[in-house]
Amino acid sequence: MGASLERNTLISLEDVSFTYKNATRAAVKNINLTIKEREFVVITGLNNSGKSTLLYMLNGLIPNVIKGHLDGQVFSFGCDTRQMPVRFFADKIGMVFQDFSSQIFSSSIESELAFGCENLGLDKTTIRERIEESLALTGLLSLRKREPDTLSGGQFQRLAIASLLSMKPRLLCFDEPTTDLDPSGRKNFFNTLELLKEKGHTIIIVEHQLDHLLDADRIIVMNKGSIVRDCSIEEALLDKRLREEGLLQMPGVQKLFFTLGIEQFIKDEQEAFELLKNSGFSLSLKKGETLRSKQIEHSKEYGPVKIKASNLSF
């Protein structure tokens, strides 16, 4: 069943509440939300606040696969999700789960990307073109002949993203995608995210760490199943109530400025540097070098290497 949505609106939730089967309280309650085309939206909040539940309603996983009681209406791409099978949204909404390894099951990278396209009934030429484009966008071209089991965690996640991109969904959803990644993997992920944003994808990401998400259009803060704030990143970070209640994981640089008594939104390192200078703080590069030298000297005091590993696969 279709719905008359405002132009450019992809997602609309109207007075939505959901209680999982056999649960005693609602996981989300009284949710009203719209997502427009090309928006970059962050969903954050404490654990068990309903973030993932909200995400899984967008393509009908809830309640069509994950059972429970749903009140209100969820419209995705103009369709009531209760009236459409999950497969209907396969080429419209791509979702990368927190356990992204569970989404990969083919024996090679190329066959993994081809699988979704084949299920969409695409011809071989189109499939090859989409595979090339998705591998290039996620930086996996040189690894195309590898078996997924030989990839690192970050590469494995990029494969999960590439497999979705090959189906050309207009909306991409990520459920806490950086939880199991090391710093290098997180950096690569956010670089990929920036490319996807530039390509015009609508992006929704459930994430606690906000350091790399300061360019998002909106942030939705959840607590105990409800949306407590829907605003810009700047407005959320400057909201003292959200900070006092611990509903945001404050970016490191922003936390430093609040500690110094400077109530101002900090978007990047250059802005932070200029603001410190203008606020009367002196920055000593010489002292910074001295601290780094001390760290290097301290590392020399460590004992011999007890454990060394390289080229591990699991």
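## Close-up views

**View 1. Strand β7 pairs with strand β8 (residues 202-206) in the parallel sense, over five bridges.** Two strands count as paired when DSSP finds at least two bridges between them. Helices (H or I, at least four residues) and strands (E, at least two) are DSSP runs, numbered from the N terminus. For F174, the bridge partner in β8 is I205. This is a predicted model, in which local features need pLDDT of at least 70 and side-chain atom pairs count only at pLDDT 80 or more, while totals for chains, interfaces and linings use all residues. Residues are numbered from 1 along each chain as its sequence is written, and side-chain values use heavy atoms, with hydrogens and water left out.

**View 2. The open sheet has six strands, in the order β6-β7-β8-β3-β9-β10, with mixed pairing.** Strands β6 and β10 (226-231) are at the edges with a single partner strand each, so one side of each has no neighbour in the sheet. From one strand to the next, the twist averages 15°. Helix α5 packs on this sheet, where it touches β6 and β7, and its direction makes about 170° with that of β6. Such angles run from 0 to 180 degrees between N-to-C directions; axes are lines fitted to C-alpha atoms, for helices over the stretch in contact. Helix α6 (residues 183-198) lies across β3 (40-45), β7 and β8, and runs at about 150° to β8.

**View 3. Strand β6 (residues 93-96) is covered on both faces.** I93 and M95 are buried on one side, and G94 and V96 are buried on the other. Buried means under 20% relative accessible area, exposed over 50%, and partly exposed in between (1.4 Å probe, protein chains only). Strand β6 runs parallel to strand β7 (residues 171-175), and four bridges join the two. Look for I93 here: its bridge partner in β7 is L171.

**View 4. Helices α3 (residues 109-119) and α5 pack at about 35°, with their axes 8 Å apart.** I109, E112 and L113 of α3 meet L159, A162 and S163 of α5. The contact (heavy atoms within 4.5 Å) has four nonpolar, one polar and one charged residues. Ala, Val, Leu, Ile, Met, Phe, Trp, Tyr, Cys and Pro count as nonpolar, Asp, Glu, Lys and Arg as charged, and the others, Gly among them, as polar.

**View 5. The largest nonpolar core holds 49 residues.** F174, L193, I205, I219 and L248 have the most contacts inside this core. Helix α5 (residues 153-165) gives the most to it, seven residues. A nonpolar core is a set of buried Ala, Val, Leu, Ile, Met, Phe, Trp, Tyr and Cys residues joined through side-chain atoms within 4.5 Å. Leaving out residues up to four places away in sequence, L248 touches T44, L210, I219, V221, A236, L237 and L242. Another core lies apart, with 32 residues that include I35, I43, L54 and Y56.

**View 6. L214 sits in the loop between β8 and β9 (218-223).** Is L214 buried or exposed? L214 is buried, as its relative accessible area is 12%. Its contacts, leaving aside neighbours within four places in sequence, are I233, L237, P251, F265, I266 and K267. V41 and L214 are 173 residues apart in sequence and 11 Å apart in space, C-alpha to C-alpha.
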